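Please walk me through this structure in the viewer. Tell me what to select at each stop and what is there.

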Amino acid sequence: MRAIKEGVRVPDGCFLAYPALSLHPKTYSPSYLVAIDDQLLPYSVLKLCIQAYVPEIYKAEMDPFISPVFAPDEILLKMPPVRLVTGTRDPLHD
């Protein structure tokens, strides 16, 4: 997205492995709820990671560089082909 915004050549494609596309601190998805008691990556750890990356006073849903899922359509339409890899029980998969 930065390349699109700056007007430089975009990559021919993107490969995203387990991407965090929405860091909105108040978003609860089904996979987050499953992670509440996950042995390897419980929800409390996910929340700590988000808080470390996004200050509480910051509006993550307003910045597509923090939460790409909130990027405007005009930017998304200029994106190269994207491949996503995620696991079915990954707490970030939805």
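Start by selecting Ile-4, which is found in helix 1 (residues 2–6). Helices here are DSSP runs of H or I with at least four residues, strands are runs of E with at least two, and both are numbered from the N terminus. This is a predicted model, in which local features need pLDDT of at least 70 and side-chain atom pairs count only at pLDDT 80 or more, while totals for chains, interfaces and linings use all residues. Residues are numbered from 1 along each chain as its sequence is written, and side-chain values use heavy atoms, with hydrogens and water left out.

Is Ile-4 buried or exposed? Ile-4 counts as buried because its relative accessibility is 14%; buried means under 20% relative accessible area, exposed over 50%, and partly exposed in between, with a 1.4 Å probe and protein chains only.

Now show the contacts of Ile-4, where contact means heavy atoms within 4.5 Å. Leaving aside residues up to four places away in sequence, Ile-4 touches Val-10, Ile-75, Lys-78 and Met-79. Lys-78 lies 74 residues from Ile-4 along the chain, yet their C-alpha atoms are separated by 7.2 Å.

Next, select helix 3 (residues 43–53), whose buried residues are Tyr-43, Leu-46 and Ile-50. They sit on the same side of helix 3 because they cover an arc of only 60 degrees around the axis, the arc being that of the directions from the helix axis to the C-beta atoms.

For the surface, select Leu-21, Val-69, Phe-70, Val-82 and Leu-84, which make a nonpolar patch of about 400 Å². Patch residues have over 30% relative accessible area and no salt bridge; like charges are joined within 9 Å, and nonpolar side chains (Val, Leu, Ile, Met, Phe, Trp, Tyr) within 5 Å. A salt bridge is a side-chain nitrogen of Lys or Arg within 4 Å of a carboxyl oxygen of Asp or Glu. Areas come from the Shrake-Rupley method with a 1.4 Å probe; for residues, only the protein chains shown count as cover. Leu-21 is in the loop between strand 1 (14–17) and helix 2.

Finally, display the whole protein chain, which has four helices and two strands. From the N terminus on, the elements run α-β-α-α-α-β.
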